[in-house]
Every structure is written in C-alpha cells, then in structure tokens.
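Dear colleague,

Please find the structure below, handed over for your review. A short account of the findings follows it.

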Amino acid sequence: MKLQDLKHVYFCTGARNNDLLDHFKSENLSFEIDERSASFKALGRAKISTAPVAVCTTSGTAVSECLSALIEAYYSNIPLLLITGDRPKRMHGKACPQTIDHEIITRGARRSFVEIEFEKLDELDLSTLTFPAHINVLIEKKNEKQQSGAKTYSQTWDGFQSFIKDNPSPLILIGHENNSMYDFAKRIKDLGLPIYAEILSGAHSISSITFEKDLLRAFKDGQFTSVIRIGHTPLTKMWRLLEETHLPQFSFDERGFLGLSHGTVLPIGFEELIKKEIFWDSLKAYKPFSINTSAPFDLQKLIQKYPHSDISLISQLEEIFEDESLIYLGNSLVIRFYELINKRKLNFFGNRGVNGIDGQLSTAIGLASGTKKMVYCILGDLTTFYDLSALKDIPNNLRLIIVNNSGGRIFETMNLNEKLILKHESQFGRIATAFNISYAVNDLKMLKDVNILELITDPKQTLSFLKEWEQ
Ligand SMILES: Cc1ncc(C[n+]2csc(CCOP(=O)(O)OP(=O)(O)O)c2C)c(N)n1
C-alpha cells in the first residue's frame, strides 16, 4: 500500500508539506485550517473505515496539535496516520525557522514511526506499519545548500574578533527577545553600520534599513560580507536565504541557538551584551558604511493608490493606536505588512518561537489579562478561525482586529498550490453575535468602541501593491 492508495487524507495547509500534495490522489483530499480538528476528523473517519485515514501537516506546532487525536487513536486502537512535512536533518536542533523535533512529540502515542527523505517516498510501503503511525518526511527546498563553505569561528570573544577581521562589511540583524531592544539597537546604529531591526525587537522605527526589500537587494548584490545577528530567530526572508547563499554569520542568542544550519553562536542575550565592553570595543574595528535605501514617499504613494489592500488598512491602524498600547501581531502576512508600514515606537508582541498560527487569540487574551493597558491584536482570518472558542471571554482592554482577506493569502504571495489558500467568503459578524461581543466592520473610527473590528480587504489590491512595491 502506497500513499497514493490512502482513501482519505485531511490535508492541513502549510508551506513545508506543499510538496507532499502530489503524493496523494486529489479526489481523496480535503483541505483543512486546524490540525487539531483535522486529526480528530481523521480519527472519526478511521473508526468506520477498514483502511488507515491520514492527516498531513506542515512543520512546527501543526504537529503537536495532532497529539490528542493520536493519543485517542493509540488507546482505542484506531488506524490513524500522521504525515508531517519537516526540514532536512542539518536544520534540526538549531531553532531554524519553524523547525522542531517532530519525532519526540508523538512518542508514546504511536505504534510505528518512519522518518524518510522526500525523494524516497515512492519506496514507502504503508502495509509494513502498525497503527496509529507517524511518517515524518524530510523535505529539501531547491537552492538550499547542503554543505556550507562559510567559515565558522570559535565560540569565544577571540572568535568574534577574528570574524570581524575577516569580514569587513556586516549586516547587523536584530531579531527579538522578550523585552524591547530599542536602546540596544540605537547604540548599535550609532556605530554607522547597516542595521535591520525587526518589528518584534521594538526598534524597527529606528532601523537604518527600513524596508525588507532594500535589505534583500543589498544582500543579493553582495553588499554584505557577513551577518551579525542579535536576538531570536529572525522573521525576514533574508535569514532563510542564508541557507542558499552561505555568508559567515556570528549570532548572539540567549537561547544558544544558531537559527540556521551553519554559523557560530554565543549564548548571550542583548541585556547582557549591552554591558559587555568587549562587544562594543570589538565593533569599533569596523569602518562605517551604508547601503542605498528606498524613499518612504514611494510607499505612501502605493498606500493611497491601493486603499483596500491589507497594507493600507494596517497602515491606517498604526496611526490610531495610543502610545502606551500593546500590539499583538499574528503570524502570516499581518506581521510582515506591519513591519513594512511601521513608523512608531510601540510595544510589539507575537509568537515567533515556531510561528504557529494556533492559539494566537488566546495568547493575546492572556496578555490583556495581565495588564491594564489596551491590547490591539491583529490577526488574519484563518488564524482567527483557528482559535474561535477563545472568543468566549474577551477582556475589556482587548481589541481584536481581523484582517479578512478571505483566505490564507500568504500562500498566494508564495505562489504555492491555490488550494492551500482555503478561499472563503465568510465574515465574522454573526460569530461576534453568537459570543455576544461588540463588533464593527470596515469602520476604523469604531476601533475604540467595539471588541472586534473586522477589516475586509481586497486581495487583488494587495497583490498589485506588492508587485509594484517589489519591482
Ligand atoms: C499551527 C499552524 N498550522 C499551520 C501553519 C501554516 N500557516 C502559516 S500561515 C497560514 C495561513 C494563515 O492565514 P491567515 O490567518 O488568513 O493570514 P494571511 O495568510 O491571509 O495573512 C498557515 C496555515 C502554521 N504556521 N501554524
């Protein structure tokens, strides 16, 4: 029995498992938002089926969301099959983007486990498995290099100084930690080196490179010899491109993770680093330099030209927030678009440990419950669907802003299979009514007066915006 012979697969949308689609018969697939629910659907179907039923997920918490169904299947002896898309082995154990240990999650809740490279999937015989079972597929992306020619350094201050000597033009990439890195980033900026500070660092508003597209251009033009990263695993696409173009990288990460398959890391967080004279003295060896950047004016022109794009609406929101408020940014496009338009110094939060879209609203509710300040939580529509039961209790100081672009539009920007978008025409008004929550749609003036503000955006305008912006 091959994957092709599975009678039904609940396929949960994601980028890493996109390549697995061709291994299933399309008429036997249903596309799903929520892995927890999808895995229970597979369990239910397997109860009246004579053959195994599968749920297929992307990497990260998408996998752990299936654990409850798998546990139930284990103790009820039901033929549930979990198929998970994963990154190659060299990226494991390093906190590479959305990469966690899948095997350990299902231990104790499965009767067989197979880890297999994507290219060998055709050889896999499902009849050798006992159920419930877990198949973890290691998937290489085109262009990603398997072996790094980039030099690594000793994990010491001497190593850092040799890195500086060898590589005269670094990019300084500031990811995030749990506290604002604003003062730290300001001091680094004063050294006159190009820095890109991501939105969750709290310092994007003073980043010397404001726009990711300028960062990508400079990187592709070879303007950086190397990368110094401070903070947790970055969000920017440039970080992922370092798996294609291996530049030497030296990281300071309190968790001690490389965040990539290669490089050097010292397990020091920014709050300790700011006090280390040796760090600042070492950086003095660099000669200041800068890269060309775009005019903010060009962005404003597009914001006016495409008023119903996600980006324009998020940009209007930023003008309304009070200085003291906390902004919780959902994963997917919201966090990327917010970084694009951000001008203000505000307090930003998000779950970027492994970038799950699960539990986002609940996290924001917890955040709001722990503070008297106003919390603005901005989520995509699928991300909100994922966590609907959390609507039962919305604290008074929480405003949920749903950017409803009628699907998981990130997959559209990545040119992945159209089915992954899960296009829909649903709106949230009646859901708000069901939970007895105040609600407004498309009216930014109402933001302070209601608990849910839904913004219906035009995906075509967003795509046109991005096309013009990125050219
Ligand atoms: C738990 C989990 N499952 C799946 C994914 C893969 N994933 C990343 S973004 C996304 C779609 C999000 O859609 P939406 O919230 O509507 O935001 P948009 O893409 O439109 O910005 C999915 C399914 C994930 N990150 N986490």
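**Strand pairing and domain contact**

Strand β7 (residues 170–174) pairs with strand β9 (residues 226–230) in the parallel sense, over five bridges. Two strands count as paired if DSSP finds at least two bridges between them; strands (E, at least two residues) and helices (H or I, at least four) are DSSP runs, numbered from the N terminus. Within this pair, proline 170 stands opposite serine 226 of β9.

Please note that this is a predicted model: local features need pLDDT of at least 70, and side-chain atom pairs count only at pLDDT 80 or more, while totals for chains, interfaces and linings use all residues. Residues are numbered from 1 along each chain as its sequence is written.

Both strands belong to an open, parallel sheet of five strands, in the order β8-β7-β9-β10-β11. The edges are held by β8 (195–197) and β11 (264–266), each with a single partner strand, so one side of each has no neighbour in the sheet. Helix α6 (residues 182–189) packs on the sheet and touches β7 and β8; contact requires C-beta atoms, placed from the backbone, within 7 Å. The direction of α6 makes about 165 degrees with that of β8, where axes are lines fitted to C-alpha atoms, for helices over the stretch in contact, and angles run from 0 to 180 degrees between N-to-C directions.

The domain assignment, which is automatic or from a database, gives domain 1 (3–138), domain 2 (157–283) and domain 3 (296–470). The C-alpha centres of domains 2 and 3 lie 28 Å apart. Their contact takes 15 residues from domain 2 and 16 residues from domain 3.

Yours sincerely

Technical notes
Contact = placed C-beta atoms within 7 Å.
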